[in-house]
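Hi,

Here is the model I said I would pass on. Have a look at it first, and my notes come after.

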Amino acid sequence: MLLDVPFVPSDEAVIEAMLNLGEVGPSDLLYDLGSGDGRILITAARDRNTRGIGVEIDPLRISDAMEDAAHFRVEYLLDFIEEDLFTVDIKDATVMTLYLLESINIQLRPRLLNELRPGSRIISHAFDMGDWKADKQLELGGVNIYKWVVPAQVAGIWEWDSVDDQRYRIELQQKYQEVTGSAWLADQKVTLKNATLCGDTLELSIQGKKASSLKHFTLTFDKGELQTIFEDS
Ligand SMILES: C[S@@+](CC[C@H](N)C(=O)[O-])C[C@H]1O[C@@H](n2cnc3c(N)ncnc32)[C@H](O)[C@@H]1O
């Protein structure tokens, strides 16, 4: 058995801050990749009634985690599986905690982006994710904690008619959660402003040629397709 990272447990204050940053609650399914003695999952189960899956390659750590989960009477909420974090199925996680290394986070990054549902949160103790900038970051006693929200795939060309029957078209480019692009109103190039993507929801404004023609739209996406469009009045 080859460990990609040694066992170094997160301390209590960091765990609390990670769970708060991830807004972890009873409707979540929390995965801890490299779960060690299970303390993140046990804390979330005990204090927040959160279901959890621990993925750990070292069977001795798994036995410790199961023993502690039983001690705190939360074993019915938790599963600890002996598997490699690089190959385990992660698609059901709504929140994921990581205390690994930046190089491992970067290796995991394509799977996190493609396999987790948009809107899932990733919380990392100490380590960043390369050029995927965190949505939030906090510092606790010299330790950084990072949060990312998995963005939907929104790049492409999208068209719709507004309530007043005007044809809108946008062409979007995307780098992680950062979205840029261009907009057309009735085939005339106009200004696309303030495109902000969070999970499956993209908010943007389109400014037509007249000052009075500013419109705000909220678009939602699923599996790379535009699902709904709301026009704010
Ligand atoms: C730094 S510890 C973090 C433990 C726990 N997540 C915490 O924050 O308290 C990293 C854990 O990853 C486990 N690990 C290392 N390589 C692994 C791999 N390829 N697959 C699954 N677990 C691995 C180690 O055994 C260790 O328990």
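Two bits of housekeeping. Residues are numbered from 1 along each chain as its sequence is written. The model is predicted, so to speak of local features I needed pLDDT of at least 70, side-chain atom pairs count only at pLDDT 80 or more, and totals for chains, interfaces and linings use all residues.

The sheet: it is open, has seven strands in the order E3-E2-E1-E4-E5-E7-E6, and its pairing is mixed. Helices (H or I, at least four residues) and strands (E, at least two) are DSSP runs numbered from the N terminus, and two strands pair if DSSP finds at least two bridges between them. Strand E3 (78-82) and strand E6 (136-140) are at the edges with a single partner strand each, so one side of each has no neighbour in the sheet. From one strand to the next the twist averages 15 degrees. E1 (residues 29-33) pairs with E2 in the parallel sense, over five bridges. Helix H3 (residues 59-71) packs on the sheet, where H3 touches E2 and E3, and the direction of H3 makes about 170 degrees with that of E3.

Next, the helix pair. The axes of H1 (residues 12-21) and H2 come within 10 Å and cross at roughly 65 degrees; axes are lines fitted to C-alpha atoms, for helices over the stretch in contact, with angles from 0 to 180 degrees between N-to-C directions. From H1, Ile15, Met18 and Leu19 meet Arg39, Ile40, Thr43, Ala44 and Arg48 of H2 (contact means C-beta atoms, placed from the backbone, within 7 Å). The residues of this contact divide into five nonpolar, one polar and two charged. For the classes, Ala, Val, Leu, Ile, Met, Phe, Trp, Tyr, Cys and Pro count as nonpolar, Asp, Glu, Lys and Arg as charged, and the others, Gly among them, as polar.

On domains, the assignment gives domain 1 (12-149) and domain 2 (156-232), with bounds from an automatic or database domain assignment. Their centres, taken over C-alpha atoms, are 34 Å apart. Five residues from domain 1 and five residues from domain 2 make the contact.

Finally, the ligand. There are 23 residues around it, and Ser10, Gly34, Gly36, Ile57 and Tyr99 come nearest (near means a C-beta atom, placed from the backbone, within 6 Å). Helix H2 (39-48) and strand E2 (51-56) are the elements that give two or more residues to this shell. By class, the shell has eleven nonpolar, five polar and seven charged residues.

Cheers

Terms used: Contact = placed C-beta atoms within 7 Å.
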